[in-house]
Amino acid sequence: MNPIPVNTPLLNGNELKYLTECIETGWISSEGPFISKFEDKLSAYIGRDYGVAVSNGSAALDIAIKALNIGPGDEVIMPTFTIISPAQSVVTAGALPILVDSDPLTWNMDVTQIEAKITSRTKAILVVHIYGLPVDMDPVIEIAKKHKLKIIEDAAEMHGQTYKGKMCGSFGDISIFSFYPNKHITTGEGGMLLCNDKELAERCKRLRNLCFEPNGPRFVHHEIGWNYRMTNLQAALGLAQLEQIDSFIEKKRGIGITYQKGLSVLKDKGYQLPTEKTDFSGNIYWVFGLVAPSETEKKNMVAYLAQHQIGTRPFFWCMHEQPVFQKMGLFKDERYPVAEKLARNGFYLPSGLGLTQNELDCIVNIINEKTI
Ligand SMILES: *Cc1c(COP(=O)(O)O)cnc(C)c1O
């Protein structure tokens with residue numbers, strides 16, 4: 001059997017055709033025509049007025065924080081169980097992440113813990129939808145309204161997912177996506193900011209482009225930004241990928257359902273499988289996560305799968321336990337038991353769009369062989 005990596009992308013739509021067009025026309029930089037096409041198509045798909053394509057999802061978060069004027073002295077409430085990108089953006093802006101624990105069933109931030117964390121310095125709530133189910137948005141929106149807070153929505157894992165029938169990435173003051181190769185659509189590296197506010201969108205555009213003033217004299221700058229531009233080559237890929245998003249999502253859900261059925265014996269062994277649905281969404285299975293009953297059991301299962309050349313990836317490591325943040329004196333003595341257990345006992349199985357039915361059956365069989 002060939003090794004089964006944890007992710008392989010699927011690139012068999014118009015990707016090559018559009019990329020060839022870039023090469024043949026010479027439009028390869030961020031000035032090319034695919035950029036605005038991709039921005040328009042994705043924002044229309046999500047139901048937002050403006051899209052600003054950038055070099056990756058983490059860059060989008062940097063821009064979102066700065067565009068909303070979050071900086072020194074400000075606090076941003078977010079989950080401790082997340083990829084580092086959102087926390088890093090807040091910290092590098094000079095602001096302070098204020099953490100909340102996870103919901104044990106959806107693995108998303110426990111929204112009932114938000115309100116107690118609000119202080120006079122709180123500026124925003126940064127929601128991160130994790131692995132397959134969205135954050136329960138209604139309470140977040142209500143709290144934000146009541147306390148006049150901004151909402152930043154990290155929808156990097158949620159392309160095409162909905163919350164109560166409304167697209168993820170359409171909530172809050174600003175939302176972001178990533179197009180890294182393991183996301184539902186990929187541009188190799190890439191990201192996008194979405195919002196409904198024209199001025200905010202224009203500020204994001206300036207921030208991605210070194211704060212060149214679109215109407216001012218060239219090379220005269222009033223603010224510091226970044227070169228976070230996306231290239232036409234990336235946008236060409238993105239456009240081709242976006243054309244296929246419905247079938248991609250269907251395939252992801254299919255993978256999830258196959259694992260749910262095939263791996264139900266794991267439940268008897270004390271494993272937690274992803275929650276199939278909540279009263280606001282069905283799981284989109286960005287990745288298929290498993291929470292083992294113990295750290296030892298996780299280690300054994302991961303090693304066993306590695307022996308059979310099946311790739312796995314551990315769950316995120318909590319922000320309050322990150323050595324880099326500890327060194328900065330952040331989150332001292334803070335404890336978030338649900339998130340800590342997810343981080344220690346959780347891992348995910350191959351879940352990429354390039355996964356074949358044969359590989360999927362093989363993974364299910366190999367896991368079942370171990371458990372009997
Ligand atoms: C992937 C991801 C990011 C970062 O995106 P990059 O394009 O890899 O920088 C941010 N947030 C979440 C939730 C992600 O899954």
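Start by selecting Ser55, in the loop that links strand E1 (50-54) to H3. Keep in mind that you're looking at a predicted model. Is Ser55 buried or exposed? Its relative accessibility is 15%, under the 20% cut-off, so Ser55 counts as buried. To see what is packed against Ser55, skip its neighbours within four places in sequence and show Glu189, Gly190, Gly191, Tyr228, Arg229, Met230 and Gln234, which are in contact with Ser55.

Next, click on the ligand. Around the ligand you'll find Asn56, Gly57, Ser58, Ile83, Ser85, Val128, Asp154, Ala156, Glu157, Ser178, Lys183 and Gly190.

- Gly57: a backbone N or O atom sits 2.7 Å from an oxygen atom of the ligand.
- Asp154: a polar side-chain atom is 2.6 Å from a nitrogen atom of the ligand.
- Lys183: an N or O atom of the side chain lies 2.6 Å from an oxygen atom of the ligand.

Now for the greasy part. In soluble globular proteins, nonpolar side chains tend to be buried together. Here the largest nonpolar core has 53 residues, and Phe81, Tyr131, Ile152, Ile174 and Leu193 are the members touching the most others. Helix H3 (residues 57-67) supplies the largest share of this core, with 7 residues. Both domain 1 (15-242) and domain 2 (245-371) put at least three residues into this core.

Leaving out neighbours within four places in sequence, the contacts of Ile152 are Leu61, Ala64, Ile65, Leu68, Ile70, Ala124, Ile125, Leu126, Val127 and Ile174. There's also a second, separate core of 28 residues, with Tyr18, Phe38, Ala235 and Ile245 among them.

Ile245 takes us to helix H8 (residues 245-262), so select that whole range. H8 has 18 residues and spans 26 Å from first C-alpha to last, close to the 26 Å expected at 1.5 Å a residue. Which residues of H8 are buried? Colour Ile245, Phe248, Ile249, Lys252, Ile255, Gly256, Tyr259, Gln260 and Gly262. Their cover includes helix H2 (33-46), helix H7 (232-242), strand E10 (288-291), strand E12 (346-349) and helix H13 (357-371).

Finally, zoom out and colour by domain: domain 1 is 15-242 and domain 2 is 245-371. Their centres, taken over C-alpha atoms, are 25 Å apart. The contact between them takes 43 residues from domain 1 and 41 residues from domain 2.

Terms used
Residues numbered from 1 in each chain as written. Predicted model: local features only at pLDDT ≥ 70, side-chain atom pairs only at ≥ 80, totals over all residues. Heavy atoms only, no water. Core = buried A, V, L, I, M, F, W, Y, C linked by side-chain atoms within 4.5 Å. Buried < 20%, exposed > 50% of the residue type's maximum accessible area, 1.4 Å probe, protein only. Helix = DSSP H or I, 4+ residues; strand = E, 2+ residues; numbered from the N terminus. Domains from an automatic or database assignment. Contact = heavy atoms within 4.5 Å. Expected span 1.5 Å × (residues − 1). Near = heavy atom within 4 Å. Polar contact = N/O pair within 3.5 Å; in protein donor to acceptor, adjacent residues only side chain to side chain.
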